[in-house]
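Here is a short briefing for a reader who is meeting this structure for the first time. Please look over the sequence and the model before reading on.

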Amino acid sequence: MFDYGDGKSDSKAYDYQGERTAAGIVSYASDLASKADIEPDVFELINQSIYNDNCQGAVICVVNFLPNIFDSNAEERNNYIATIMKTAKAQRKQPFKWFWLQAGDQLDLEQSLNLGFGFPAVVAISPSKKMVATMRSSFSTSDLDSFLKNLLIGKGGLENLSSEFVVKKADKWDGKDATPYEEEDLSMYDDL
């Protein structure tokens with residue numbers, strides 16, 4: 001096996017000297033991805049297939065429920081996504097898969113996860129163990145890091161996942177502020 005290092009030509013290749021185990025190769029690849037500053041995947045969760053395709057096996061799926069765009073704006077949402085991305089980069093070597101969705105689009109799911117305390121909210125799901133943990137602190141990179149590190153050592157308030165994780169189809173965010181609702185012209189009722 002050859003490693004092409006930072007370059008892409010055979011002249012810069014050298015023999016891979018790392019562990020010959022899946023974990024060793026994955027760790028080595030994660031180090032290379034980190035050095036290359038490759039963005040981790042953070043999926044907008046707008047349908048069930050996105051979740052099913054990316055949240056299976058021995059992973060922990062970190063689902064971020066962001067405020068509805070009508071309760072926020074594009075700048076705030078982008079800041080939340082940047083926080084997720086920064087944490088995902090810092091936790092790149094861990095078995096996390098990253099998702100975000102808009103609060104209010106998945107009311108049944110929010111209710112089944114007991115997320116009635118406000119948004120943003122974060123849950124971590126182990127699909128293989130059918131367990132879930134809810135972050136109970138503020139939405140920041142340091143609190144996300146702490147929450148995830150506690151999960152990895154068996155702390156973090158794990159509970160049984162009470163029902164299947166079902167995502168209803170929702171619209172993909174267009175990257176813009178919410179379009180204001182147009183008020184109905186009620187002047188025609190003035191003469192009644």
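A disulfide is here a pair of cysteine sulfur atoms within 2.5 Å, and a search of the whole structure finds one. The model is a predicted one, in which local features need pLDDT of at least 70 and side-chain atom pairs count only at pLDDT 80 or more, while totals for chains, interfaces and linings use all residues. Residues are numbered from 1 along each chain as its sequence is written, and side-chain values use heavy atoms, with hydrogens and water left out.

**The chain as a whole**

- The chain has five helices and eight strands, where helices (H or I, at least four residues) and strands (E, at least two) are DSSP runs numbered from the N terminus.
- Read from the N terminus, the order of these elements is β-β-α-β-α-β-α-β-α-β-β-α-β.
- Of the 192 residues, 36% count as buried, a term that means under 20% relative accessible area, against over 50% for exposed and in between for partly exposed (1.4 Å probe, protein chains only).
- Among the contacts with a separation of 6 or more, 70% are made by residues 24 or more positions apart, a contact being heavy atoms within 4.5 Å.

**The disulfide**

- The bond joins cysteine 55 to cysteine 61, with an S to S distance of 1.8 Å, and both cysteine 55 and cysteine 61 are buried.
- Because the torsion about the S-S bond of cysteine 55 and cysteine 61 is about 115°, this disulfide is right-handed.

**Arginine 77**

- Arginine 77 belongs to helix H3, which spans residues 74-90, and it counts as buried because its relative accessible area is 2%.
- Setting aside residues up to four places away in sequence, arginine 77 touches Leu66, Pro67, Asn68, Ile69, Ser72, Trp100, Gln102 and Trp173.
- The side chains of arginine 77 and glutamine 102 are joined by a polar contact of 2.8 Å, that is, a pair of N or O atoms within 3.5 Å; within protein, one must be able to donate a hydrogen and the other to accept it, and residues adjacent in sequence count only if both atoms are side-chain atoms.
- The side chain of arginine 77 also reaches the backbone oxygen of proline 67, at 3.0 Å.

**Threonine 87**

- Threonine 87 likewise lies in helix H3, and its relative accessibility is 1%, so it counts as buried.
- A polar atom of the threonine 87 side chain lies 2.9 Å from the backbone oxygen of threonine 83.
- Apart from neighbours within four places in sequence, threonine 87 is in contact with Trp98, Thr141, Leu144, Asp145 and Leu148.
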